[in-house]
Amino acid sequence: MGLLFLQSLPGPKVFKCRCCKVDSAPHDAIVSKNFSGRYGPAYLINRVVNITMGPSEDRHLMTGWHTVNDIFCSCCQQLLGWKYEKAYDDSQKYKEGRFVLEKARVMKIG
Amino acid sequence: MESSDDIESRLSRLGSRGLIDTTQFVRIIIQSLYSLGFNKAASSLESESGVRLDSAQHDRLLFDVMSGRWENCVSTINSIPGIDTSSLINASYLIWKEHFFELIGSGCFLPAIEVLWKQISPLGVDSCRVHRLAQYLVCYEAMGQTGSVGSTVQRRISLFLDLVEVLPPYIRVPSGRLEKLVETAVLKQRSSCQYHNLPKEITLFEDHKCWPEQIPSTCSQVLLEHKNEVWFVQFSHNGRYLASSSSDCTAIIWTVEDDDMVVYKHCLMGHEKPISFLSWSPDDTMLITCSNGETSKLWDVKTSTLLATFSDPKRRIISSCAWFPSSDKVLCSSSEPDNRIFTCDLAGNVLDAWEGERIPKISDLAISPDGRLVIGICSEKTIWLCEFPQGKEKVIREERSITSLSLSRDGQFFIVNLNSEEIHLRKLDVNIGDGVDAVFKGHRQGKYVIRSCFGGSGCSFVASGSEDSKIYIWRRKCESPIKVLMGHSMIVNSVTWNPARPHMLASASDDHTVRIWMAGCNPQPSKKLGESLIS
């Protein structure tokens with residue numbers, strides 16, 4: 001596995017992976033708190049760190065067809081959410097390039 | 001320059017492009033023959049080719065200077081075709097200055113003053129020099145300090161040598177001219193040679209060319225002693241030892257034998273967590289191992305015993321450390337819960353510490369070999385250079401995250417590995433600008449800490465590990481790799497080039513092995529190797 005390169009986030013409030021406690025996302029990158037993921041409520045976030053991406057998939061979500069990549073914590077390989085790569089509905093275009101982070105899989109620090 | 005009938009019947013231009021004038025060529029050959037001591041050969045060449053080493057003005061000038069006919073000297077100089085005004089003025093100044101000194105030396109002050117008024121002042125040289133000459137009229141002893149002592153003959157000879165420096169070069173061929181031209185050509189060939197690694201005898205009989213086998217290319221040994229992923233390797237500064245550290249919580253010291261075989265020496269056990277970093281002391285007697293999330297330990301190399309443990313009452317993690325050149329102090333950076341940079345001595349006592357809000361989290365630290373500059377990677381995207389202990393600071397921002405840092409052996413340059421699969425080379429100086437000196441691409445890096453190093457003779461190569469289990473080697477001037485070494489089966493975490501043996505490279509990989517790579521040929525390449533490569 002090699003020595004993983006882990007980025008650390010400076011801000012006072014960060015989200016960390018619930019399993020292995022590495023930093024995942026800064027709190028001030030939240031765009032919306034009203035999302036729902038596979039395991040319950042979720043956040044829409046601009047920036048995540050220390051993740052690896054899975055392959056692209058076309059999925060039918062509540063809001064329509066999207067092309068998404070699952071994101072996993074690079075340290076413990078936990079599924080943390082997904083990344084919107086492409087949205088096929090014009091009203092959903094704002095999601096492209098952003099990430100959904102499941103509340104159940106992260107914990108808020110600070 | 002005269003050319004006689006003999007030379008006109010030969011070619012007047014030499015070389016494939018007709019750039020070389022035959023007369024000049026023969027003159028420098030004659031000059032080097034004289035300087036080698038072959039006087040008979042040189043004079044017979046002069047008579048056979050009809051080209052004389054020294055031009056007519058040269059002989060006339062020599063005669064006039066040695067006999068003290070100063071007006072004749074000046075008129076000879078004026079008669080040189082193509083001389084420019086400033087050289088004319090300088091040469092006249094030198095002649096009249098010598099005349100002036102000789103007059104003073106023989107006590108004729110009134111003629112000396114006349115020379116100063118009538119000949120030197122109108123020349124228009126720097127007036128300070130003229131004033132200083134006037135001072136010598138008053139203060140006779142000051143003349144001794146200018147170095148213009150010695151007999152008249154010696155002074156006139158040195159005047160003549162000064163004159164020929166000022167006059168155009170065709171009056172007298174500059175000494176050592178042929179040797180200088182040959183040396184320039186050889187140096188140019190050597191610097192454009194792509195694989196030049198091993199110090200090879202320069203031969204004049206053929207163009208200098210190195211084969212790709214001269215940089216490490218074949219795996220000569222696979223070291224299997226580690227039981228888990230090997231994260232870091234480094235040769236000692238004298239190249240006689242190799243240290244490797246692994247996630248099996250041990251570090252192993254190997255000896256490099258005289259026949260270039262690497263032999264297991266001792267295993268350093270005692271850490272409870274994987275060891276991510278180790279550092280040789282500048283005198284190669286001690287080794288510090290830093291582990292992930294635990295204390296650092298200091299070991300003695302010869303006896304392989306534990307000398308000290310650097311632990312912290314607040315249980316901070318020491319992320320990296322660097323030795324001072326005197327081998328008695330260590331600079332460490334730690335983090336979690338708060339960031340701290342501190343120096344400590346070999347017993348673990350903290351000597352100086354910097355902590356507080358302003359101190360960033362430093363992930364990699366290094367000290368230049370002369371101990372003056374500290375360089376650190378802060379917050380993953382910033383390079384911080386600082387003159388130690390108090391001095392100028394310089395902060396360079398990188399676009400992407402930096403995973404590791406490496407200094408060249410002469411302390412002039414450093415390289416950083418970036419997450420964007422690039423390696424940036426920069427000059428190690430607090431006063432530089434932000435621009436990158438060179439960029440190397442081609443390897444793969446994304447998730448893990450991959451380390452690279454300088455290497456080869458003169459540190460002219462850069463080598464790096466990669467996530468695709470290959471080792472990439474670049475020449476410092478060129479962005480694409482000149483060599484890719486394959487052999488490991490998992491990602492190559494770290495590479496190190498032996499500082500004393502430029503034909504040896506070591507690499508550490510997740511497949512639990514350390515591999516030693518050697519150059520394909522011995523330091524004395526023979527013709528046979530060249531033929532076997534072609535066939």
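Predicted model: local features only at pLDDT ≥ 70, side-chain atom pairs only at ≥ 80, totals over all residues.
Colleague: What percentage of the residues in chain B is buried?
Modeller: Buried means under 20% relative accessible area. Counted over the 535 residues of chain B, the buried share is 49%.

Colleague: Among contacts in chain B between residues at least 6 apart in sequence, what share joins residues at least 24 apart?
Modeller: Take the contacts in chain B between residues at least 6 apart in sequence. The share that joins residues at least 24 apart is 47%.

Colleague: Are α5(B) and α6(B) roughly parallel or antiparallel?
Modeller: Helix α5 covers residues 70-78 of chain B, and helix α6 covers residues 85-105. Their axes lie 10 Å apart, at an angle of about 175°. Angles over 145 degrees count as roughly antiparallel. Therefore the pair α5(B) and α6(B) is roughly antiparallel.

Colleague: How many nonpolar residues are in the contact of α5(B) with α6(B)?
Modeller: On the α5(B) side, W70(B), V74(B) and I77(B) are among the residues that take part. On the α6(B) side, they include L88(B), I95(B) and W96(B). By class, the contact has 2 polar residues, 3 charged residues and a nonpolar group of 8.

Colleague: How do α6(B) and α8(B) run, parallel or antiparallel?
Modeller: Helix α8 covers residues 127-138 of chain B. Its axis is 11 Å from that of α6(B), and the angle is about 10°. Angles under 35 degrees count as roughly parallel. So α6(B) and α8(B) are roughly parallel.

Colleague: Which residues of chain B does UniProt list for "repeat: WD"?
Modeller: The entry is unreviewed. In the model, residues 268-309 of chain B are 0% helix and 52% strand. Residues 485-517 of chain B are 0% helix and 55% strand. The UniProt list for chain B reads 223-264, 268-309 and 485-517.

Colleague: Is S236(B) buried or exposed?
Modeller: S236(B) is in the loop between β4 and β5 of chain B. Leaving aside neighbours within four places in sequence, S236(B) contacts Y241(B), W280(B), D284(B) and P499(B). Its relative accessibility is 0%, so S236(B) counts as buried.

Colleague: What is the relative accessibility of D364(B)?
Modeller: D364(B) lies in strand β16 of chain B. Beyond four places in sequence, the residues D364(B) touches include F277(B), S320(B), T403(B) and R451(B). D364(B) counts as buried, because its relative accessibility is 3%.

Colleague: What is phi of E421(B) near?
Modeller: E421(B) sits in the loop between β21 and β22 of chain B. It is partly exposed, with a relative accessible area of 22%. Phi is positive here, in a residue other than glycine, and E421(B) has it near 65°.

Colleague: What is phi of H512(B) near?
Modeller: H512(B) is found in the loop between β29 and β30 of chain B. At 33% relative accessibility, H512(B) is partly exposed. This residue is not glycine, yet phi of H512(B) is positive, near 70°.

Colleague: Which feature does UniProt place at residues 13-110 of chain A?
Modeller: That span of chain A is 0% helix and 61% strand. Its end C-alpha atoms are 5 Å apart. In an unreviewed entry, UniProt names the feature at residues 13-110 of chain A "domain: Yippee".

Note on methods:
Residues numbered from 1 in each chain as written. Chains lettered and ligands numbered in written order. Heavy atoms only, no water. Axes fitted to C-alpha atoms, helices over the stretch in contact; angles between N-to-C directions. Helix = DSSP H or I, 4+ residues; strand = E, 2+ residues; numbered from the N terminus. Parallel < 35°, antiparallel > 145°, perpendicular 65-115°, else oblique. Contact = heavy atoms within 4.5 Å. Nonpolar A, V, L, I, M, F, W, Y, C, P; charged D, E, K, R; others polar. UniProt positions renumbered as here; feature names shortened; annotations may be inferred. Buried < 20%, exposed > 50% of the residue type's maximum accessible area, 1.4 Å probe, protein only.
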